[in-house]
Structure formats: structure tokens, C-alpha cells
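Please read it alongside the sequence and the structure.

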Amino acid sequence: MYLELFKLRELPFRLSPDPQFLYLSKQHARAKAYMESTIWFTDGFVVITGEIGSGKTTLIESFLKEVQRDVVVAQIAQTQVSVIDFLQSVLVQFGFSPFKMKKAELIATLNQFLIEQYATGRKVLLIVDEAQNLTLKVLEEIRMLSGVETTKDKVLRIILAGQPELNQKLDAPELIQLAQRVRLRFHLGTLSDTEMRAYIHHRLEVAGAGDRQIFAEDTYSEIFHFTGGVPRLVNTLCDTAMLAAFGQERDHITLADIKDSLAELRWHEPQNRVRAAAIAAQAGNNVGGQGSAADGAATTTIGEPVGRIIVATEGRTTQELPLAVGRIIVGRTVDNDLQIDSRFVSRHHCQIITGTEGSVIEDLNSTNGIFVQGKRVRRYNLNDGDIVVIGKHELMYVDERLARARLHSTDSAAGYAPLQAPADRHTETIIETSAQMIDRLSGR
């Protein structure tokens, strides 16, 4: 092959899902964080969708490579099966030989296994890839399994990954109870032209190219035009182009190599990306099945903001973020909805889930935790004016509905008397209490 010519250790554009070649775009990082959340929460049930070749399976393999030892995993990839076949496949993954069992015995064995694992402190995770092929009956069986619980917690965490058709199945009237169990949905879109370029560089670097420029500058726009940023198509075209250059004994890729490869692959027209965009727009990235978004963001907007987060550091307001119905992630890295770049903040530190009635903040197993009124909390229902301390930063929650109600009440009573802007009032509160909170943190 061409490894020696290009001075590479291994093939950079193989189609097999190798975790070491995973390029974490912003949306891939978000999808992986959602997978990780199934471990953090006892009611973890996440659905990841994406077009063919978008990187779902590679993402799963990367996630599994980092799973802790106390997590017992069943990974199912063959999904064109009956209910009996599915239950048997799950039990085989857990070490059983269930092929002579009837359905009632299969379910009883699986339930008993889940309870035993919980009793020993282990977490059990079921991952189903290509889940769009599951029948409605099998999906209903998964719903029943997701309901297995002790007096305190559910004992099975679930990740369903599949093509966009999976969302259509989950939204079927027959599966409304299953859809309500899903904690998070995320649609994995295609790479942008900038991300695609970084993706190619990343795979070449992992394969041993270092910082060498193997693809000519004018090749990238052509690659993006014909692949639409779909990782699998990018791999196919780039690998074919490297073979074309190899045939010419040339250690770099030219635009002519790309064009020759397109002819060899018979890609006479750009791949159809309209369907992917339409399905992504319809499916969206939903939280609890509410709302939709087509841009890959996790937060779902329904109407006007119902709340607001004001971030302050050492008494100075640094950020402000409106809260719509949906979910935001707060953390140190750029893939978060609210980034706080501080060594005291974990990569994905906490999340704020906003409904029509209010907001809840949850710790995402962070190192330094979240504090409200001096006490570390795991989950907390936010009230207007609450201050949440994260490291050396304060997050104040403003309930916009109460602010609007107060404004309406004042205007009605006085006819002209203005209400002090909520942002100013709450900012002053943060400034007044900031030093006190930092002192408390320093003594913790």
C-alpha cells in the first residue's frame, strides 16, 4: 500500500470504527457527553441519531474505551430480530446461555441479573447500535426493561443509536411511553468545511503524518463539495485519492487526484444532503422530547426565555445566558453551552434543565461540586435570585416570568413607575455577596 510512500504508520482513512482516529467536533463532543451522562444518572436513557457515516459507531467505541470498570455493558449491533432474539442477545452479552429459555424466563433472568448488579454496586448499560431497525415490539420491550428499579433507583441505563428514522419510530403513538422515558435526544449532523479540514488533518496526524501538508490547499473545497462533510464519504474519497497519488509515485495529493478519484468512484454529483438536513430539522436535538432544533445545539427554544443565568467572578459580571425550555451544559471546555474556563470547573460540570414551570440544576459528577447556600448539592430546584457557586464563580438564576409579573404589577399600580431592571438588581446582589462566598470556598 501507500504507507511507505507517505511515511505513515497506518492507514488514515479506514472505514472501520477505530476510537483512536475519532475527531471530536463540537457536536461529536456533545454527543459523547450525552453518552457519558447515562453513567452519571440512574435514569440515563439517551438517543443519538445521525446519517449513515456520521460517526455514531466510532463515537460509541470511543465511549466504551473509557467506561469505568464498575460498569457492565451489553452492546447489541444486530437489530433485525424478534423480541425473543433480542432478549437472548442481551443475556448472552451478560454471560448467560439463554437459548432454551422461554420469554418469561428470559425476562425473569434479566431482571434478577440487574437487581444483583445493583446490589453489588455495579452499573449496567445497554447500548443498541442501528436501533432504527428495531421493531415497535422490541422497542416496547426496551421500555419495559428501562422500568426495572429498586425502591430508590432504576437499574438499567440505555443508549440507542441509529439513523434518523429512529426518531420517527420513537415519535409513533404506540411508543409514547418510551419517548417519555428518554432523557436526552441528540442528532449528529455533518461536519462543516472547517471541521472537515481539521478532521482530515487529525486522521493523518494520528497515522503518523505529523504536521506535513499531504493534501493540497485547493483539494479541500472539492472534497467538501462532494462529501457534504459526511465522515465516511470523506474517508472513502481521501483514501481513493491517496491511492491515485500512489499510482503516480507522488507523496502529496493534488486536485487532479481528487477528480480522478471522483471519476473512479462514479460520484458525478454531490451526495444528497437535503434529506439529512430535512430530517435533522424535523427531529432536532430534544430534551425530554420537547421542541426541535436544526443547528446541532442541545438547547431547545420554545417561545421567549423563561429564565436567565448571570455569571460573576470576584464580584464582576462576566457572562449572561437566557434560559429557554430545554437543557444547557455548563463546563470548562468549548463544547458547553455555558463555558467557564477555569481550573476549578470540570470539563462538563453541571447541567440546567428548564421546563415551563422552572429550572433544575444537576451536578454532572464534577470534581469540585456545586454549592447553594454553602451546602454541596447534587440536584437543586432553582428559585428566583438563587446563587450557585462553582469553584470561584457565582451563577445567579433569574426567573424572567416573575420579573415580568412584577413589572406588570408595578405598571398597573402606578401607571408609569418603572421597575428596576432585573439584571442590574441581581448583579448588585452578586457583587455584595461575592467576596463572602469566595472566602467560604477558600476555607472549604
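Contact here means heavy atoms within 4.5 Å. By that criterion, Leu 126 touches Ala 74, Ile 76, Phe 86, Val 90, Leu 156, Arg 157, Ile 158 and Ile 159, leaving aside residues up to four places away in sequence. The model is predicted.

**Nonpolar cores**

- In soluble globular proteins, nonpolar side chains tend to be buried together.
- The largest nonpolar core has 36 residues, and Phe 86, Leu 126 and Leu 160 have the most contacts inside it.
- Two or more residues of this core come from each of the strands β1 (45–50), β2 (71–76), β3 (123–128) and β4 (156–162).
- The helices that give two or more residues to this core are α4 (83–93), α5 (103–119), α6 (136–146) and α7 (165–170).
- Helix α4 supplies the largest share of this core, five residues.

**Packing of α9 and α11**

- Helix α9 (residues 193–209) packs on helix α11 (residues 231–247) at an angle of about 55°, and their axes are 11 Å apart.
- The two helices, α9 and α11, are therefore oblique to each other, and their crossing is right-handed.
- On the α9 side the contact holds Met 196, Tyr 199, Ile 200, Arg 203 and Leu 204; on the α11 side it holds Pro 231, Val 234, Asn 235, Cys 238 and Met 242.
- The residues of this contact between α9 and α11 are eight nonpolar, one polar and one charged.

**Packing of α11 and α12**

- Helix α11 also packs with helix α12 (residues 255–265), at an angle of about 115° and with axes 8 Å apart.
- That angle makes α11 roughly perpendicular to α12.
- The crossing of α11 and α12 is right-handed.
- From α11, Thr 236, Leu 237, Thr 240, Ala 241, Ala 244 and Ala 245 meet Asp 257, Ile 258, Ser 261, Leu 262, Glu 264 and Leu 265 of α12.
- The contact of α11 with α12 is made up of seven nonpolar, three polar and two charged residues.

**Thr 57**

- Thr 57 lies in helix α3 (residues 56–65).
- With a relative accessible area of 28%, Thr 57 is partly exposed.
- Thr 57 touches Pro 17 and Asp 129, not counting residues up to four places away in sequence.
- Thr 57 and Pro 19 are 38 residues apart in sequence, and their C-alpha atoms are 9.3 Å apart in space.

Conventions. Residues are numbered from 1 along each chain as its sequence is written. This is a predicted model: local features need pLDDT of at least 70, side-chain atom pairs count only at pLDDT 80 or more; totals for chains, interfaces and linings use all residues. Side-chain values use heavy atoms; hydrogens and water are left out. A nonpolar core is a set of buried Ala, Val, Leu, Ile, Met, Phe, Trp, Tyr and Cys residues joined through side-chain atoms within 4.5 Å. Buried means under 20% relative accessible area, exposed over 50%, partly exposed in between (1.4 Å probe, protein chains only). Helices (H or I, at least four residues) and strands (E, at least two) are DSSP runs, numbered from the N terminus. Axes are lines fitted to C-alpha atoms, for helices over the stretch in contact, and angles run from 0 to 180 degrees between N-to-C directions. Angles under 35 degrees count as roughly parallel, over 145 as roughly antiparallel, 65 to 115 as roughly perpendicular and the rest as oblique. A crossing is left-handed if the near helix is turned anticlockwise from the far one by less than a right angle, and right-handed if clockwise. Ala, Val, Leu, Ile, Met, Phe, Trp, Tyr, Cys and Pro count as nonpolar, Asp, Glu, Lys and Arg as charged, and the others, Gly among them, as polar.
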